[in-house]
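State the cut-offs behind each term where the term comes up.

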Amino acid sequence: MTELQMRVNGVTRTLDIEPWVSLLDALRDHLGLTGPKKGCDQGACGACTVLADGVRINACLALAVQYADKEITTIEGIAKGEAGTHPMQEAFVRHDGFQCGYCTSGQICSAVGMLTEYAAGTPSAVTPAKAAERIELSDDEIRERMSGNLCRCGAYNGILDAIKDVAA
Ligand code: FES
């Protein structure tokens, strides 16, 4: 067992875990944060997406011990400091960006991280010159940037509309 301290949703948490435990299992099984979902457990579906220092990662592919010095944000903490919900959560509701909802926490975390990455001009931004501009992504650019998050119900049009609503 390894004692690990992690910052999760603004709170320092202490875990006793084996060093091979994934971040997803640490969040779900050790900290009771079941918002991040286990879909494929292989990095293919995006249901487990969380933010590490604001950057989206697949928690199923990460070892918890690798993230001891990062600020982890799950869907449970994405609205911190705001009035209960994040604007992206509200937009998903407005635009029916879900059906069964299993992928939704990952979709929302990914969408928030994607817009943050774009605004910050990280290597995933279209061009560095666009970083300081208002976020103007084409539908295809949003689809490409969200391609790591699958929705088996096919709610992609609503998800796209929700992200465009927030990005506008
Ligand atoms: Fe992590 Fe599918 S559960 S990508």
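**Fold, domains and core**

What covers the buried residues of α1 includes β2. Here a residue is buried if 20 or more other C-beta atoms lie within 10 Å of its own, exposed if 12 or fewer, and partly exposed in between, with C-beta atoms placed from the backbone. Helices (H or I, at least four residues) and strands (E, at least two) are DSSP runs, numbered from the N terminus. The buried residues of α1 are L23, L24, D25, A26 and L27. Just after this helix, G32 has a positive phi of about 70°.

The model is a predicted one: local features need pLDDT of at least 70, side-chain atom pairs count only at pLDDT 80 or more, and totals for chains, interfaces and linings use all residues. Residue numbers start from 1 along each chain as its sequence is written.

The protein chain contains 5 helices and 5 strands, in the sequence pattern β-β-α-β-β-β-α-α-α-α. Of its 168 residues, 38% are buried. Two residues are in contact if their C-beta atoms, placed from the backbone, lie within 7 Å. Among contacts between residues at least 6 apart in sequence, 59% join residues at least 24 apart.

The strand pairing can be followed from β1. Two strands pair if DSSP finds at least two bridges between them. Strands β1 and β2 (residues 11-17) run antiparallel and are joined by 7 bridges; Q5 has T14 of β2 as its bridge partner. The hairpin of β1 and β2 has 2 residues between the strands, and N9 takes a positive phi near 50° there. Strand β1 also runs parallel to β5 (residues 71-73), with 2 bridges joining them. In β5, E71 is the bridge partner of R7.

The chain is divided into domain 1 (2-74) and domain 2 (87-167), with bounds that come from an automatic or database domain assignment. Taken over C-alpha atoms, the domain centres are separated by 21 Å. The contact between them takes 13 residues from domain 1 and 13 residues from domain 2. On the domain 1 side, β3 and β4 (55-58) each supply at least two residues, and β3 gives the most, with 3 residues. That side divides into 7 nonpolar, 4 polar and 2 charged residues. In this count Ala, Val, Leu, Ile, Met, Phe, Trp, Tyr, Cys and Pro are nonpolar, Asp, Glu, Lys and Arg are charged, and the others, Gly among them, are polar.

A nonpolar core is a set of buried Ala, Val, Leu, Ile, Met, Phe, Trp, Tyr and Cys residues joined through C-beta atoms within 7 Å. The largest one has 39 residues, of which L23, A59, M88, I108 and C109 touch the most other members. Elements that each supply at least two residues include β1 (2-8), α1 (23-30), β3 (49-52) and α5 (156-167). Helix α3 gives the most, with 6 residues. Leaving out residues up to four places away in sequence, A59 touches S22, L23, L24, L27, P36, C48 and V50.

Why is C40 partly exposed? C40 counts as partly exposed because 13 other C-beta atoms lie within 10 Å. The C-alpha atoms of C40 and C60 are separated by 8.6 Å, and the two residues are 20 residues apart along the chain.
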